[in-house]
Amino acid sequence: AESVGEVTVHGSRPGGRDLDETVSAGEARATAGTHDDPAEIVQDLPGVARPSFDSGQLIVWGSSPAETQVFVDGVPIPALFHGSAIRATVNGAMIRNVTLSPGAYGADYGRGLGGIVRVETADVRAAGFHGEVDANTLDGSALASFAPTDGVRVEASARYGWIASGLDALGVRDVGDYFAIPRYCDYQAKAQIDLRDRESLDVVVLGSGDDLTRTLPDPDPAHARSQVTSTAFQRAYLHYRRELDDGALIDVVPWVGHDTTHLDDRFGGIPAALDQQTVRWGLRASERSRLAPRVHLRVGLDIDGSEATVHREGSLEIPPREGDVTVFGQPPGRRPHVLSRAPPVRAGLGAGRRGHGVRRPLRAQRESPPRARHRHPRRRACLVLPGPHGRAAHLARELARRRRRDLCLLRSGLPDALDPAR
């Protein structure tokens with residue numbers, strides 16, 4: 001076989017940070033598997049794991065999905081994809097480019113341990129009236145843009161997923177027992193105003209909503225499980241940009257938003273619900289100036305505030321966790337959840353006072369650390385004490401010596417070696 005000589009490949013090093021991956025909307029649409037949606041290119045970038053069908057979360061460099069942040073023009077949003085992970089929450093026609101920072105990003109972005117996904121919206125078309133309509137088996141969308149004056153341009157779009165409504169209309173209602181059927185919608189509106197030369201102001205409104213139902217059927221209704229998740233968010237912000245004559249760039253984005261999350265779990269006849277309403281606001285501002293031909297200075301301000309209202313019904317003591325084999329977690333009220341490898345010691349202590357020959361119980365409640373859990377029977381308080389065998393046994397024996405007459409040791413789950421009566 002002939003030997004291959006030395007091959008030399010010449011290329012130019014791309015500018016910017018080495019870890020950032022920026023893909024334009026046109027290049028993303030031409031990539032296989034994106035379904036003409038530029039945001040889906042994030043799933044094909046290095047270090048990103050594809051989400052499951054019933055989850056729109058992103059896993060970047062093995063970090064938790066909750067630790068990866070998504071920004072649209074510098075404004076944080078809860079999720080880039082709908083719950084089905086087949087559509088983005090922002091219309092692809094309004095996206096200019098998508099940037100993924102898997103790690104080692106600068107100080108202008110924080111409050112996260114995972115990656116950062118930044119979506120930049122495109123400029124509205126300068127003149128004329130334009131419209132797009134798309135309809136397929138999953139959803140339908142429409143987009144329209146027009147320019148009422150030379151310095152003002154307006155664009156709006158909306159999308160609605162009708163796969164669940166189509167299955168209901170066909171009478172196929174049991175598909176949800178085996179597959180998660182998503183219900184989703186989103187809308188966007190953008191007004192772009194040219195103030196002066198190289199100075200503009202954008203007014204943007206974003207919104208998205210998801211409803212997802214998952215069930216685990218069982219012939220016994222007492223063992224059937226279901227979970228209904230509803231999430232929605234709205235954002236409104238102003239984006240001011242100005243480029244000075246010396247090359248300095250000023251960028252200011254004040255924003256306000258509202259997030260809604262509703263979780264409804266049912267373990268047979270045991271309901272549990274969690275409703276959370278969050279009002280968010282913030283400001284992101286930066287100025288980039290050139291001090292020397294190869295020296296730049298960038299200063300900025302990042303403010304993020306929120307106020308949440310939480311309403312709970314039932315018990316959500318053991319919620320589902322990442323990698324949990326029970327999908328929906330454990331039904332509430334079965335057994336205490338103790339964060340300890342050693343078997344817990346359950347000790348009941350009754351106290352009372354004597355008067356006129358009648359013993360009256362004294363009821364008292366005591367705050368416990370986060371790793372402990374209280375149960376309250378009618379006449380005594382029961383304390384769960386996690387910890388090593390030796391320490392728990394020593395404490396149990398001390399309680400037995402001091403209050404032997406009133407001590408009641410609950411022996412469920414307690415080894416015989418720890419029983420002070422033996």
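How many helices and strands does the secondary structure of the protein chain come to? The chain has three helices and 22 strands, where helices (H or I, at least four residues) and strands (E, at least two) are DSSP runs numbered from the N terminus. This is a predicted model, in which local features need pLDDT of at least 70 and side-chain atom pairs count only at pLDDT 80 or more, while totals for chains, interfaces and linings use all residues. Residues are numbered from 1 along each chain as its sequence is written, and side-chain values use heavy atoms, with hydrogens and water left out.

Of the 422 residues in the protein chain, 34% are buried. Buried means under 20% relative accessible area, exposed over 50%, and partly exposed in between, with a 1.4 Å probe and protein chains only. The accessible surface of the chain is about 25,500 Å², and carbon and sulfur atoms hold 54% of that surface; such areas come from the Shrake-Rupley method with a 1.4 Å probe, and for residues only the protein chains shown count as cover. Among contacts with a separation of 6 or more, 59% join residues 24 or more positions apart, a contact being heavy atoms within 4.5 Å.

The largest nonpolar core has 28 residues, of which Leu58, Val72, Leu80, Val117 and Tyr237 touch the most other members. Such a core is a set of buried Ala, Val, Leu, Ile, Met, Phe, Trp, Tyr and Cys residues joined through side-chain atoms within 4.5 Å. Two or more residues each come from strands E4 (69-72), E5, E6, E7 (116-121), E12 (199-216), E13 (225-243) and E14 (249-267). Strand E6 gives the most to this core, with three residues. Beyond four places in sequence, the contacts of Val117 include Leu58 and Leu80, as well as Val42, Phe71 and Val98.

Thr89 lies in the loop between strand E5 (75-77) and strand E6 (95-101). Is Thr89 buried or exposed? Thr89 counts as buried because its relative accessible area is 3%. Its side chain reaches the backbone oxygen of Ala79 at 3.1 Å. Ala79 is also among the contacts of Thr89 outside four places in sequence, together with Leu80, Asp186, Gly207 and Phe233, among others.

Ser141 sits in strand E9 (residues 139-149) and is buried, at 15% relative accessibility. With neighbours within four places left aside, Ser141 is in contact with Asn91, Glu132, Val133, Asp134, Ala158 and Arg159.

Gly62, in the loop between strand E3 (59-60) and E4, is exposed because its relative accessible area is 69%. Its C-alpha atom is 9.8 Å from that of Gly115, which is 53 residues away along the chain.

Strand E16 (residues 295-313) supplies three residues, the largest share, to a nonpolar patch. Leu291, Val295, Leu297 and Val299 form this surface patch, with about 350 Å² of accessible area together. Patches are made of residues with over 30% relative accessible area and no salt bridge; like charges are joined within 9 Å, and nonpolar side chains (Val, Leu, Ile, Met, Phe, Trp, Tyr) within 5 Å. A salt bridge is a side-chain nitrogen of Lys or Arg within 4 Å of a carboxyl oxygen of Asp or Glu. Leu297, in E16, is partly exposed at 40% relative accessible area.

Arg298 is also found in E16 and is exposed, with a relative accessible area of 54%. Not counting residues up to four places away, Arg298 touches Asp108, Ser286, Glu287 and Arg288.

Methods. Polar contact = N/O pair within 3.5 Å; in protein donor to acceptor, adjacent residues only side chain to side chain.
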